[in-house]
Amino acid sequence: MEKPDQKAFFAEYITSADCAEPTEWWFTIKDDEYDLSSLQAKKRYEVTKAHKFCKAEEINPEEFSKELFDCYVKSFSAYPEKYRPLHFDFESFSDSMKKWNENPNCKVYAAFLREDNLLIGFSIIQKNGRAIKLVSQKTNPSYEKCNSNAALVDCMLNDWNEKLKCGEVYITNGSRSIKHETNFNAYLEKYFGFRKAYAKLRVVYRFPFGIAVKLLKPFRKLFEHTENPFLYNLYCVLKMDSFAWRGK
């Protein structure tokens, strides 16, 4: 039997996945048919507006490495400074695109401006069993009004819609966000019919880290806006602990 990693301070896992009662922990999923015509007019407009300004399609990422990298770099200009990478490495990015392309369970979608075919957004998904995981979605903030996010999600959902109808797959953007401030999950729920799949989060700490967490809980808010990476990571642990299920 393998010994547990002595460097790990804690372990997290979930129980009662997709439980009926609301909890503080959830996954954002889409597990039913995508029907654009069923959306309210204002919500449907977000997608029809996207179709007007841009087109989205599955691509071979190796053929667009430079364009994808440029979009990737520009996407971070809209991020808070503490989330931005310190440097960007084109070679590493290209290697990643090659790996995604060689993986039969992965797909890359890109959004292009209709007027000049400029790549302004992309998303990467990976299939694992029935789960289709939205691994990453990046868009150029200079073209935010073109609704490239909507174009990408619409393209992905249409691509998998037949399997969604049959219940063969479900699409997920992962769990509730801890570290990054984002409204993307709420966006998916509002405009594309995603829902919260509630679960019970359990967190187990290695001694004496659990004691430190208990002692620091009352001071969690003090670390929320720190620029210190270590203190911010500590804040994220305390925040996650606050969502943990305490019952049976």
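**Group meeting: a first look at this chain**

Let's start with the fold: seven helices and eight strands. Both are DSSP runs, numbered from the N terminus: helices are H or I with at least four residues, strands are E with at least two. The chain's radius of gyration is 20 Å, close to the 18 Å of the globule rule for 248 residues, so the chain is as compact as a globular protein of that length. That radius is taken over C-alpha atoms, and the rule is 2.2 Å times the number of residues to the power 0.38.

A word on the source. This is a predicted model, where local features need pLDDT of at least 70 and side-chain atom pairs pLDDT 80 or more, while totals for chains, interfaces and linings use all residues. Numbering runs from 1 along each chain as its sequence is written, and side-chain values use heavy atoms, without hydrogens and water.

Now the charges. How many salt bridges are there? The count is 15, each a side-chain nitrogen of Lys or Arg within 4 Å of a carboxyl oxygen of Asp or Glu.

Look at Arg195. Asp18 bridges to Arg195, with the closest N and O atoms 3.0 Å apart. Asp18 sits in the loop between β1 and β2 and Arg195 in strand β8, so this pair ties together parts 177 residues apart in sequence. Asp31 also meets Arg195, at 2.7 Å, N to O. Here Asp31 is in the loop between β2 and α1, 164 residues from Arg195.

One more pair: Glu24 and Arg176, at 3.4 Å, N to O. They are 152 residues apart.
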